[in-house]
Amino acid sequence: MNFPHKNIIGIKEMTAEEINFILDSAESFKEINRRDIKKVPTLRGKTIINLFFEASTRTRTSFEIAGKRMSADTINISASGSSVAKGETLEDTAKNIEAMNADAIVMRHSASGACEYLAKRLDCAIVNAGDGMHEHPSQALLDAFTIREHKGKIEGLTVAIIGDITHSRVVRSNIYCLSKLGAKVRVAGPGTMLPPGIDKLGCEAYTNIDEAIKGSDVVMMLRIQRERQGAPLIPSVREYCKFFSLTEERLKLAKEDAIVMHPGPINRGVELPTSIADGPQNVILDQVENGVAVRMALLYLACGGEKLQD
Amino acid sequence: MKVLVKSGRVVDPANNIDEKLDILIEDGKIAELAANIDAGDAEIINAAGTIVTPGLIDMHVHLREPGLEYKEDIVSGTAAAAAGGVTSVACMPNTCPPIDNLPLAQFVINKARYEGSANVFPIGAISQGQKGEILTEMGELLEGGCVGFSDDGGPVKNGEMMRRALEYANTFGAPIISHAEDLSLVAGGAMNEGAVATELGLKGIPNAAEDAMASRDIMLAELTGAHLHLAHVSTRGSLELIRQAKSRGVRVTCEVTPHHFSLTEEAVRGYDTNAKMNPPLRTQDDVDAVRAALADGTVDAIATDHAPHHVDDKNVEFAVAANGIVGLETLLPLTLKLVADKVISLPQAISLMSCNPAKILNIDRGTLSIGAIADITLINPNKEWLVEAEALRSKSKNSYFIGQTLRGCAIKTLRAGKVVFSRD
Amino acid sequence: MADDVIEILDTTGIQRALTRIAHEILERNRGTDDLLLVGIRTGGIYIANALQKKIAEIEGQTVPVGTVDITMYRDDLGSRANLSVGKTDIPFKLSGKQVVLVDDVLFTGRTIRAAMDALVDFGRPLTIQLAILVDRGHRELPIRPDFVGRNLPTSRSEQIEVEFDDEKIPQSVTLHK
């Protein structure tokens, strides 16, 4: 198959066929990660810049390992603040990097649309590692990969995603990804964390998490940002936990063989208790392992081949 | 010095005129309106096939001078006005420093008089420094040529301040122009709240942010008996509040912008910063409401909220981009589209851009009455033209309509009988 | 078009060639001890499976077969015609083993070069040998097969096709002008 995207901006722009192609490719890359010599020469001589405007350990490390396992030169740049605060525009920052002949820029940025903005202005490939509240495609793909690995398929499954839906780019990418692959997606959280029109993205919205979890094959808990506490969104983490955290009782509402996912980092005792985080149904570390394989596939597709006009 | 504007379709809503007439101008004033005037030695302007209207008035423009001349200045802004068929603009005081004192207001008026291509009527600030704390010297500002007061760019947050502003301005018979926005409800929003904002991951601004403040200001207008003018109304809710208030006899008028009756929030897709405005582009339902309010007379004026921004202020991430678009040069075609769509009649359209705003601001413009200053616009309603950045007279090119072909434009603009703009 | 297709080997011919190769492999390696077959995706896998069967018939021993996908070792990533990557599956240690790399057609040698690079990432085999059903010449690298079903001089523009049935058993080798 000929993958038509040079830039990986969002799942919304992808077809089910393209998503499956990425997941299938990731299967092949996963094998490399389990070798003694975890390196292939595929991207030898390619330069990949991880341009992170927001703090991130997991995603950045995962992309860095992904690039290195394919022999690309990966360089991390941690920038902070918006372009305005920094005195240099995002375009200038990125063009400086491109001028050093980078082949791909993997970017995380606090502004929704920042990756699309760069993609319109730069020739090198842009891979979205999370832009504001918009999309986080690599996370959704690794989630889908993990679900497929455990359930053998995605079509027909019911996936409940619980937490701060409003501020989550992971949710948006997951809704697109899973619904395109034929799953039923439910999102749940307090009314202050359910954005208007979320159902139009391809999911059902619940304020009662028991109803969302009931009969589901996958329960995905989102990290709650402690900063939101006391802001008008939630009164306290304590109260949030009482109504919106996953308990063993609540997990029993899901299918018996349901898996529990979390994009990390986990707040133990907040989104879910340690007994579930370490319990038999959790696949959280599988998500992390698969993240490297999925990101290898994305970097391979972004850097491989001649320059495309995307 | 005589000028004869010959054989045009003269539309002068203030005098209920819509017929083919000649207009004779003497010494910059309208001397005669009649069919087939023979004026001997007058300079002839052939207006056959065009619509001849009072010079258009745009009561909501940001000229950016003083202080922000890199975005626009009085010369470039009034040139853009003339090119758009606009002979008079009311300019907002959110310059740097703000127009909150007489010398500054007179600087603007004089600069426009000697170097500009259109009349400029400054709107003075409501509060000193637009800080919402101390009233400006409104009496003196009015004497000096200001025509109303506004802290546009932001709302007057404090309710008592707004009340006193209405009462004090009313002392001198001047309107308060409200930028109705509850900032606590805007809460950092970047576009209209709803499914599109959710999809794009942009923080939304609910209609309630506008409706709540519009409601407060209407209540205060009712309380004080003063004249409140609501700027750039964009929601169904606010329009309904205005409609009800008018039926109760409250002295409230309002304006809408061409972008709010032409575009919806869908324009934001792709994170196009030229679709970022305040108030934000709303839903189709709101656009329908704006159009209905234009049709039923709830809306008193069409104003552009011409908001020039340098490319550096727009070529950034959506969330941090400046709000607003330039509008003077696209006012006419977008408004004529309402006529083509049969939302309003041509005379209605012209009154919304001439005699109505003149009345709101209490200025002696916007008609072709005998003895009036001869500000006249000749319009070709059928000419199709491509909006091109380079061709815009405004210093800033932040128009959402660049690259689109629009229909209708001014082909000649006369200010006090002198041609200040002309195109083929 | 039929005029331009020449059959080089039919089913019987292929089976004879594979039988001979199986004997040659066993002879060279003195039996099946430490012997491994690795097929190159995708045609090479089927030939490797066929050889595994032949060897089992002769020796009564089943030799392990691995598969290698060379996409990630290619030297022509620049031509984005097909970005599909297949899975490499070598579920055994290669160090100290006699590894027979198997492919259906040998042409420029670039695929074999890539496959050898892949193999050494899995360990240090004692030897790597190369078994090929059809060698059509035009080598661009210093690579020579150890076991050949048929040597076939071709011109560069011609194409060689190996056809398999539904059970992936090789049925014919044809030359397309």
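This is a predicted model: local features need pLDDT of at least 70, side-chain atom pairs count only at pLDDT 80 or more; totals for chains, interfaces and linings use all residues.
Trainee: Why is A:Ile175 called buried?

Mentor: A residue needs 20 or more other C-beta atoms within 10 Å of its own to be buried. A:Ile175 has 28 C-beta neighbours inside 10 Å, so this residue counts as buried.

Trainee: Where is A:Ile175 found, and what is it in contact with?

Mentor: A:Ile175 sits in helix H7 of chain A, which covers residues 169–180. Leaving aside neighbours within four places in sequence, A:Ile175 is in contact with A:Val185, A:Leu201, A:Gly202 and A:Cys203. Take A:Leu201: along the sequence A:Ile175 and A:Leu201 are 26 residues apart, while their C-alpha atoms are 6.8 Å apart in space.

Trainee: How do you know what confidence the predictor has in chain A?

Mentor: The pLDDT of chain A averages 92, and 95% of the residues score at least 70. Residues 306–310 of chain A, though, have a pLDDT below 50; beyond near neighbours in sequence, this stretch has 10 contacts in the model.

Trainee: Which domains is chain B divided into, and how do they touch?

Mentor: Domain 1 takes in 2–51 + 373–385 + 407–422, and domain 2 is 57–361. The contact takes 16 residues from domain 1 of chain B and 18 residues from domain 2 of chain B. On the domain 1 side, strands S16, S17 and S18 of chain B each give two or more residues. S17(B) provides the largest share of that side, 6 residues. By class, the domain 1 side has 9 nonpolar, 3 polar and 4 charged residues.

Trainee: How do you know which chains touch?

Mentor: Two residues are in contact if their C-beta atoms lie within 7 Å. Chains B and C do not touch, and their nearest C-alpha atoms are 28 Å apart. Among the 2 pairs of chains that touch, chains A and B have the most contacts. There, 15 residues of chain B are in contact with 23 residues of chain A. The chain B side has 8 nonpolar, 4 polar and 3 charged residues.

Conventions
Residues are numbered from 1 along each chain as its sequence is written. Chains are lettered from A and ligands numbered from 1 in the order in which they are written. pLDDT is the predictor's confidence in each residue, from 0 to 100. Helices (H or I, at least four residues) and strands (E, at least two) are DSSP runs, numbered from the N terminus. A residue is buried if 20 or more other C-beta atoms lie within 10 Å of its own, exposed if 12 or fewer, and partly exposed in between; C-beta atoms are placed from the backbone. Ala, Val, Leu, Ile, Met, Phe, Trp, Tyr, Cys and Pro count as nonpolar, Asp, Glu, Lys and Arg as charged, and the others, Gly among them, as polar. Domain bounds come from an automatic or database domain assignment.
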